[in-house]
Amino acid sequence: MAGFILSLLGGSVLAIIFGIMGIRRTRDGRAKGRGMAIAAVVIGPIWLVLQIVGAVYALKAGAASTYAVGDCVRISADGELDDGTAPTLPEVACSTSHGGEVYAVKDLPGDSYPGVEELETTADAFCATEFERFVGLPIEQSELTYYYLYPRGVGWRAGDHEVVCLVISPVDVTGTLRGAAS
């Protein structure tokens, strides 16, 4: 019975151990609960696999932010960045045609995930301030705009606390966008 309950609660290794013990005890037919013991041995490994897959996913999602200031990125053909999903922005050489460039990166403090709203507020304020330093014009006077990337909960728990600011050009460019106002 303990193995079955543990298997339902995600205690995979203990569920397997108690399940095997239960199968051995019920082998001669005098004790009841053989079905639950078998279920524990079946469900326990399923939880174990799910836990391993979750851990691998968390590790892969952890260091999502690998951009550095000066990295150039290709923006998708439709230019749609703010559709609620994390965009795929392949890094390219700045000497090739591209639509964006990383102009600021900031590592945020804290152990607990601050939430999307707070991250967006922090990222927006940081990127707006840094925009003028990089481009040479305030955002209100520029034809360029900015976009930011920030970690989701899984990435944050895996150690990614970086906000990445990208200057976005309405047309593809070659070379850097640093000082584009001059």
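**Close-up views of a predicted model**

**View 1. Glycine 115 sits in the loop that links strand 3 to helix 4.** Helices (H or I, at least four residues) and strands (E, at least two) are DSSP runs, numbered from the N terminus. This is a predicted model, in which local features need pLDDT of at least 70 and side-chain atom pairs count only at pLDDT 80 or more, while totals for chains, interfaces and linings use all residues. Residues are numbered from 1 along each chain as its sequence is written, and side-chain values use heavy atoms, with hydrogens and water left out. Glycine 115 has a relative accessibility of 18% and therefore counts as buried (under 20% relative accessible area; exposed is over 50% and partly exposed is in between, with a 1.4 Å probe and protein chains only). Arginine 152 is 37 residues away from glycine 115 in sequence, yet the two C-alpha atoms are 8.3 Å apart in space.

**View 2. The whole chain is built from five helices and five strands.** Along the sequence, these elements follow the pattern α-α-α-β-β-β-α-β-α-β. The protein has 182 residues, of which 34% count as buried. Its accessible surface comes to about 10800 Å² (Shrake-Rupley method, 1.4 Å probe; for residues, only the protein chains shown count as cover). Carbon and sulfur atoms account for 59% of that surface. Contact means heavy atoms within 4.5 Å. Among the contacts between residues at least 6 apart in sequence, 66% join residues at least 24 apart.

View 3. Two strands pair if DSSP finds at least two bridges between them. Strand 3 and strand 5 are antiparallel and share eight bridges. In this pairing, lysine 106 has valine 163 of strand 5 as its bridge partner.

**View 4. Strand 4 runs antiparallel to strand 5 (residues 162-173), and five bridges join the two.** The bridge partners can be followed residue by residue. Strand 4 is mostly covered, since four of its five residues are buried.

**View 5. Tyr103, Phe131, Phe134 and Tyr146 make up one aromatic cluster.** Rings of Phe, Tyr and Trp (its six-membered ring) pair if their centres lie within 6.5 Å; planes under 30 degrees apart are stacked, over 60 edge-to-face and the rest tilted. The whole structure contains six aromatic pairs. In one of them, the ring centres of tyrosine 103 and phenylalanine 131 are 6.0 Å apart and the planes stand at 85°, so the pair is edge-to-face. Tyrosine 103 belongs to strand 3 (residues 98-107) and phenylalanine 131 to helix 4, so this pair ties together parts 28 residues apart in sequence. Tyrosine 103 is buried, with a relative accessible area of 5%; phenylalanine 131 is buried at 0%. Phenylalanine 131 also pairs with tyrosine 146 in a tilted arrangement, 6.2 Å from centre to centre with 45° between the planes. Since tyrosine 146 lies in strand 4 and phenylalanine 131 in helix 4, this pair ties together parts that are 15 residues apart in sequence. Tyrosine 146 is buried, as is phenylalanine 131.

**View 6. Serine 142 lies in the loop between helix 4 (116-135) and strand 4 (145-149).** Serine 142 is buried, with a relative accessible area of 18%. Its side chain reaches the backbone nitrogen of leucine 144 at 2.9 Å. This is a polar contact: a pair of N or O atoms within 3.5 Å, where within protein one must be able to donate a hydrogen and the other to accept it, and residues adjacent in sequence count only if both atoms are side-chain atoms. With neighbours within four places in sequence left aside, serine 142 is in contact with Phe131, Val135 and Leu137. Phe131 is also part of the aromatic cluster in View 6.
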